[in-house]
Amino acid sequence: MNDLTIDKLKKIIDSSDSIVFFGGAGVSTESNIPDFRSATGLYTTSKNSKYPPEYMLSHTCYKRDTEDFYEFYKTKMIYNNAKPNMAHIALVELEKRGKLKAIITQNIDGLHQIAGSQNVLELHGSVHRNYCEKCHKFFPLEYILSSLSVPLCDECGGIVRPDVVLYEEGLDMDILNKSIEYIINADVLIVGGTSLTVYPAASLIEYYRKNNLILINKSETQYDNKAMLTFNSNIGETLNKIL
């Protein structure tokens, strides 16, 4: 990351009031939340679990091995003490300046909202939203964490499930369509902290039609050659250099 590319990024940001940020696990790792696929990620560190992580986070596991699902979910997917990092705070500032129109995230930790971002589209849901499958009563994250085993509704006894998208489940089409609309209308698309290999979320980048694609990711992606600028660096540090 050199001064010339940072200056170019700053000029692009300064001249636009229609920016969309599309973020993946790399945004959350800067708050010390593990990702899935890196050397220290969930898939690597959970190899000795009873079942592979892909199964533990599947709809089948939720239905068939419900107790195992919740034990894994509560110990591996929830980081209640995590705090927003420099990337989250920079995006709040861009939104306050009227430049950033939407954040589209694959993360479920709710840190964008905790930081103060207003327009966040959560493709995979949120650990902070939970509901009874039978009566649809809403429950906060604390209710899940305080349950000894499978969380049950205190009114009807139904299972309280997190409003997150599990393997084998489809994305919320309303959120997906809104995300596509924002990307189509964006002058600048900043993609941060994602290898762009998880579909269908990764395919959203195909809807961007302008020339100001900015990629910020520790490793290379298949879209690097299509980007105006690429940064193999920390998202928070990169964004804060242009504010």
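This is a predicted model: local features need pLDDT of at least 70, side-chain atom pairs count only at pLDDT 80 or more; totals for chains, interfaces and linings use all residues.
Me: What makes the size of the protein chain agree with a compact globule?
Reply: Set the two values side by side. With 243 residues, a compact globule would have a radius of gyration near 18 Å. The protein chain has 19 Å, so the value agrees. The C-alpha trace spans about 55 × 35 × 30 Å along its principal axes.

Me: What is the protein chain built from, in helices and strands?
Reply: Its secondary structure comes to 11 helices and 9 strands.

Me: Why is Ser-179 called buried?
Reply: Buried means under 20% relative accessible area. Ser-179 has 0% relative accessibility, so Ser-179 counts as buried. Ser-179 lies in helix H10, residues 173-184.

Me: Which residues does Ser-179 touch, leaving out those up to four places away in sequence?
Reply: Ser-179 touches Ile-104, Leu-121, Leu-123 and Leu-204. A contact here means heavy atoms within 4.5 Å.

Me: How do you know whether Phe-69 is buried or exposed?
Reply: Use the cut-offs again: buried is under 20%, exposed is over 50%. Phe-69 has a relative accessible area of 0%, so Phe-69 is buried. Phe-69 is found in helix H6, residues 66-76. Not counting residues up to four places away in sequence, Phe-69 touches Met-56, Leu-57, Ser-58, Cys-61, Tyr-62, Pro-162 and Leu-166.

Me: How far apart are Phe-69 and Glu-169 in sequence and in space?
Reply: They are 100 residues apart in sequence. In space they are 15 Å apart, C-alpha to C-alpha.

Me: How many residues of the protein chain count as buried?
Reply: Of the 243 residues, 50% count as buried.

Me: Which strands pair with E1, and in what sense?
Reply: Strand E2, residues 100-105, pairs with E1 in the parallel sense over 5 bridges. Strand E7, residues 188-192, also pairs with E1 in the parallel sense over 5 bridges. Two strands count as paired with at least two bridges. Gly-23 stands opposite Thr-105 in E2. Phe-21 stands opposite Ile-190 in E7.

Me: How do you know that E4 and E5 are paired?
Reply: The cut-off is at least two bridges. Strand E4, residues 125-132, and E5 have 2 bridges, in the antiparallel sense. Asn-130 has Phe-139 in E5 as its bridge partner.

Me: Why do strands E5 and E6 stand at the edges of their sheet?
Reply: The open sheet of 3 strands has the order E5-E4-E6, with antiparallel pairing. E5 (138-139) and E6 (160-164) each have a single partner strand, so one side of each is left without a neighbour in the sheet.

Me: What share of the contacts joins residues at least 24 apart in sequence?
Reply: Take contacts between residues at least 6 apart in sequence. Of these, 61% join residues at least 24 apart.

Me: How many positive and negative side chains are there?
Reply: There are 25 positive and 30 negative side chains. The centres of the two sets lie 2 Å apart.

Key:
Residues are numbered from 1 along each chain as its sequence is written. Side-chain values use heavy atoms; hydrogens and water are left out. Helices (H or I, at least four residues) and strands (E, at least two) are DSSP runs, numbered from the N terminus. The radius of gyration is taken over C-alpha atoms; the globule rule is 2.2 Å times the number of residues to the power 0.38. Buried means under 20% relative accessible area, exposed over 50%, partly exposed in between (1.4 Å probe, protein chains only). Lys and Arg count as positive and Asp and Glu as negative; His and the chain ends are not counted. The place of a charge is taken as NZ of Lys, CZ of Arg, CG of Asp or CD of Glu.
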